[in-house]
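Here are a few notes to read beside the model. I hope they are handy when you set up your own calculations.

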Amino acid sequence: MALRQGRLHELTINEAAARLLRRDLSAEELCRAVLDRIDDVEPKVHAYVTILGEQALEAARRADREIGQGHYRGPLHGIPLALKDVFDTAGIATESGSKVRRGHVPLENAEPVRRLLEAGAIVVGKTVTHEFAFGVTSPPARCAWDLSCVPGGSSGGSGAAVAAGACLVAMGTDTGCSVRNPASINGICGLKPTFGRVSKRGVTPVAWSCDHVGPLAKSVEDCGIVLAAIAGHDPLDTTSADVAVGDYLGGLSKGIEGLRIGVPRNYFFESIKPDVEAVVREAIGLLGRQGGELVEVTIPAVEFSLPVMHVLGAVEAASAHRNTLREQAELYGPALRGTLEAGSLILGTSYLSAQRARAQIKRGLRSAFEGAHLDVLVTPTCPLGPIAYGEEFASIAGEAPLPVIDHYARYASPFNLSGQPALTVPCGFDSEGHPVGLQIAGRPFDEATVLRVGHAYESVTPWHAMRAAL
Amino acid sequence: METQLQSPGGDTGRPPGEVTERELQSLAALAHVEVAPAREATVLQILRLLHVDIALLETSGLEAEEPAIVFDARWI
């Protein structure tokens with residue numbers, strides 16, 4: 001590992017935007033640097049399914065003309081960005097990692113893509129997703145920090161691409177962990193905004209009641225920049241919330257003096273690798289030394305998150321795929337096909353049992369926040385780092401092996417069930433040299449405080465500036 | 001008061017999740033899903049795990065008084 005060296009593909013959005021605005025860097029130069037980097041690292045990380053070379057360069061030249069004419073759109077103008085291949089892109093194949101969608105070319109952009117393009121971002125490619133975003137290993141993509149390992153998922157291609165410098169920022173989706181897990185595994189930041197904060201129109205669904213859209217980026221500030229561009233009500237998305245958009249950047253540097261930071265007594269430090277726990281507890285201690293008021297809390301019912309997630313995920317996905325499962329079942333990969341078939345056979349009463357338990361988990365989190373007047377809750381993002389490529393099970397500290405998705409979604413999924421915003425920031429390395437993430441969850445629609453805490457942590461630690469040696 | 005249908009295996013004295021091949025095919029027929037004999041083992045394995053989860057939730061005492069069909073993340 002090494003601290004980044006200021007090469008163009010290593011810039012954050014904020015750094016690149018300042019140079020683009022000063023015109024000591026052109027969008028075309030930046031785009032070429034990223035495309036060259038993709039050429040260099042793609043044979044190793046396999047992060048992309050589609051690379052838009054000339055199309056991206058043409059968009060970059062257009063951005064240069066606009067900026068030159070004084071029509072600067074903001075900090076995403078001219079920034080090379082990648083999209084998980086579940087976001088519809090007009091005229092560009094969107095296959096969701098599945099033979100079921102082979103050759104599918106949407107006519108319109110997904111709403112988050114439309115907003116990003118409106119903000120001037122340059123799409124350099126589409127990234128690998130686990131089939132239909134249902135899974136956490138994202139083949140054939142690899143972890144940028146350890147090419148023998150998976151990049152996490154389901155937004156594994158986006159995580160690997162950002163960590164490898166193969167884009168400045170990427171978009172992902174998160175149903176149980178799928179932005180935060182690959183961000184944590186690849187040593188970068190990832191934000192799952194509040195349910196309803198960002199439109200999902202034109203994004204392939206997994207489980208409607210748990211799906212979220214969010215960025216994977218090199219810094220907390222970059223997450224805020226992207227959120228500012230994509231947040232806001234979409235009347236054509238029935239899950240979109242008509243809630244005022246916050247100021248995600250103005251308060252970033254306020255520090256965390258006096259903020260009440262919850263530290264869970266239960267669940268979130270169970271079944272975790274001891275070295276990962278040590279790193280996360282050190283990070284939490286640092287938040288305390290920065291002036292945050294650490295408050296231990298117990299969260300009722302949260303230990304039922306994984307069973308609830310399993311049932312909601314399987315049943316809602318089976319519903320979303322009902323017609324194609326009947327007509328084209330042979331085109332699904334065996335793992336997803338089995339899950340969809342099994343999900344089709346769950347009783348409605350059982351699904352409602354899961355939704356009712358979900359309501360109690362949400363209440364448990366709410367009572368912890370309100371009872372202790374918390375501003376945020378901090379936890380590990382994942383209990384372990386990347387697993388070897390090709391593995392589907394992992395064990396922790398001599399416990400029985402579990403499907404890797406159970407490990408990766410364990411601490412992240414409660415916030416898909418509650419809908420609260422949750423951010424992961426890199427907070428060190430485990431004993432194998434793999435990145436570890438700190439998860440910061442907040443009150444609904446209070447992404448600003450989540451980002452503020454993450455930025456405060458990042459401002460006194462080097463981890464976000466570390467780059468994988470590729 | 002409420003009445004709930006039991007999950008397969010849940011009212012038969014068998015362990016939770018213990019779904020049989022015959023039950024699988026009955027459920028599949030009701031759901032208009034075709035599970036070929038060669039795929040029965042895979043689907044049964046996943047279905048059994050889901051029924052273990054369901055049994056856990058249905059015996060947890062967690063279920064709220066009211067149905068939680070409508071989801072809204074807002075509390076403030």
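**Notes on the pockets and a helix**

1. Helix α2(B) gives the most to the lining of the largest pocket, with six residues (helices are DSSP runs of H or I, at least four residues, numbered from the N terminus). The space in this pocket is about 1,300 Å³. Here a pocket is an open set of points on a 1 Å grid over the protein atoms alone, with protein on both sides within 12 Å along at least five of seven lines, and lining residues have an atom within 4 Å of a point. The volume is the space filled by probe spheres set on the points, which are joined across faces, edges and corners.

2. A word on provenance: this is a predicted model, where local features need pLDDT of at least 70, side-chain atom pairs count only at pLDDT 80 or more, and totals for chains, interfaces and linings use all residues. Residues are numbered from 1 along each chain as its sequence is written, and chains are lettered from A in the order in which they are written.

3. Of the 38 residues lining the largest pocket, F134(A), A335(A), T339(A), P403(A) and I405(A) are the closest to its centre.

4. The second largest pocket has a volume of about 330 Å³. Its lining has 19 residues, with A59(A), R62(A), L117(A), A121(A) and V123(A) nearest the centre. Helix α3(A) gives the most here, with six residues.

5. The 24 residues of α12(A) should span 34 Å at 1.5 Å a residue, and its end C-alpha atoms are 34 Å apart, which agrees (the expected span is 1.5 Å times one less than the number of residues). After α12(A) comes H373(A), with a positive phi near 55°.

Note on methods:
Side-chain values use heavy atoms; hydrogens and water are left out. Helices (H or I, at least four residues) and strands (E, at least two) are DSSP runs, numbered from the N terminus. On a 1 Å grid over the protein atoms alone, a cavity is a set of points where a 1.4 Å probe fits but cannot get out, and a pocket is an open set with protein on both sides within 12 Å along at least five of seven lines; lining residues have an atom within 4 Å of a point.
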